[in-house]
Amino acid sequence: MAVQSQDRKTDAMVSVRGLGKTFGDKVAFADVSFEIGHGEVFGFLGPNGAGKTTTVRTLGTLIAPTSGSAVVAGLPLTPANGAKIRSRIAIVPESPGLYQRLSVRENLECFADLYGTSDPRERITRALTAVNLADRADDVSGALSKGLRQRVGLARALLADPAVLFLDEPTSGLDPAAAEEALSLIEGLRRDGVTIFLTTHRLDEAERLCDRVAILNTTLRMTGRPAELRDRLFARTLTVRVMSPLGAPDAVFTGVPGVDGWRFADGEYLLTVADVTVAAPAVTRALVSAGADVLSIGESRHSLQDVYLELIGDQS
Amino acid sequence: MSRRRVLAIFRKEMREFRRNKQVISTMALSPIGFLVAPVIFLFAVNASDVSTLYQYPVLLFTLAMAALVPVTVGAYSITGERGQGTLEPVLGTPILAREFLLGKALAVFVPAVAESYLLFGVVDGLVWVSRPGAVSAAALRPLVLLAQLVFTPLLAWMGVWISMTISARVSDARVAQQIGTLIMLPVIALSVLFGFHVLHITVALGVTVGAALAALDAAGLLVVSAAFDRERLVLGTR
């Protein structure tokens, strides 16, 4: 998997350098740089108003950047390339935006023609099957629930057979069951090797779906794999629970290989370690040697939420 | 320019219009006001007083309908997309602005012209059947029929681009209709002036007015294209 991910990075589908967009004096986003590899699911996280949607619209050629450059699906982001870029990508906005008086099939027929899809009838059937809506093709779009509309939006995007799929807050406003269905569909696309740019402020779905994430709050705060971000921001910690407090903990933990320091909090010893695989066995031996009754030793894992809050929690 | 994309928008618009009661009722009701008065006049006029019909070619009054129907229908073209949140997805496809606009314009132009020709046919036919002889000869003289034939598409196209320009700038279809009607008033007034013989219809004047309308219609395309700003439409700013 690691090798596969490395390969993905070498073949950039989206490459962004110092991109920015301002509306008068208001900065939507500034100096944003990142790359998305082929087949990668790239999460773009940030609070409301951070500039996520504006970034999607800019990369989708719907609005023009005011600074920086980008290459999207192999083409430089310029006004002259707008239509060509749009023919290689698909955008699913937060609100799927369906023609409400038209049926699901009629909506898709329109977009199949706009994308120049060959064999549209077959492709529409396949797209509807992919999002489990084959039996709702003749339903009027305006009568569908938000979750179903979101799925139609995904089916519409699949008609384009996009090199890059932009999903803007795909589970926003969905109930848990509908959100789970949407996430499962995205996981299916990921398995099929579709390159996905996913904006969200739901950290659980980013952690579940994304190979790498970028955290944005007008400017880019950090980019990397969720585990890398955790490691960069937080020291790795071993949590030790013993039956009764140690008499001389400093004597037990000082000098143990891999342990850089320790503290006691809420009945647990929290050990800062450089390498868990080295420290954990050594700590266990030291505790046993000191006659401690060990209840548990485990690594404390910081969540992506911890990373997010550390980076922008105070400002959001 | 992709014909397939233009037709995709055209077909989609037609499907939406057919299911939009407001559009249907507007198309059905708005011509009535322009048809009733000439029809009553033509049925009331005395055959011995046929010179009045040469003086007042009242059927030209009905040309106002050709100008007004597209304004009321075209008002929905961009505001309708904005209201449904469909602008972003559709503009996110490879479609070019001119393809999008042409598809929408045709979807207003074709039914508006078809309706106008149909109603002209019905009214003219009624006059021809019910008032044979001097009345129908005077009311349906070739110059009047030619004016109906030529001016209808010219006026309709003007109504289309005016309504689309306004529709791209406002968020409410009714506001677009009101502003569009206001802008079209001078054009509508022109047909009234012909109908009531304030302006005397001649071939030379018809050609001049037709050429002016054609020039305005051509310029209108540029106006609509200039008013069409993908970024502004997506962001919802005016």
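A residue is counted as buried if 20 or more other C-beta atoms lie within 10 Å of its own. By this criterion, in the predicted model, buried residues account for 42% of the 316 residues of chain A. The C-alpha atoms of this chain occupy a box of roughly 75 × 45 × 35 Å along the principal axes. Its secondary structure comprises twelve helices and 14 strands. When contacts in chain A between residues at least 6 apart in sequence are considered, 68% of them link residues at least 24 apart.

Strand E1 of chain A, residues 12–23, pairs with two strands. With strand E2 of chain A, residues 26–37, E1(A) runs antiparallel and is joined by eight bridges. Within this pairing, Val14(A) has Ile36(A) of E2(A) as its bridge partner. The hairpin formed by E1(A) and E2(A) has two residues between the strands, and Gly24(A) adopts a positive phi near 65 degrees there. E1(A) also pairs with strand E4 of chain A, residues 67–72, in the antiparallel sense, over five bridges. Here Arg17(A) lies opposite Ser69(A) of E4(A).

Chain A is also in contact with chain B, through 25 residues from chain A and 24 residues from chain B. On the side of chain A that touches chain B, the elements giving two or more residues are helix H3 (82–88) and helix H4 (104–115) of chain A. The most is given by H4(A), with six residues. Sorted by class, this side of chain A consists of 13 nonpolar, six polar and six charged residues.

Key: Residues are numbered from 1 along each chain as its sequence is written. Chains are lettered from A and ligands numbered from 1 in the order in which they are written. This is a predicted model: local features need pLDDT of at least 70, side-chain atom pairs count only at pLDDT 80 or more; totals for chains, interfaces and linings use all residues. Helices (H or I, at least four residues) and strands (E, at least two) are DSSP runs, numbered from the N terminus. A residue is buried if 20 or more other C-beta atoms lie within 10 Å of its own, exposed if 12 or fewer, and partly exposed in between; C-beta atoms are placed from the backbone. Two residues are in contact if their C-beta atoms, placed from the backbone, lie within 7 Å. Ala, Val, Leu, Ile, Met, Phe, Trp, Tyr, Cys and Pro count as nonpolar, Asp, Glu, Lys and Arg as charged, and the others, Gly among them, as polar. Two strands pair if DSSP finds at least two bridges between them.
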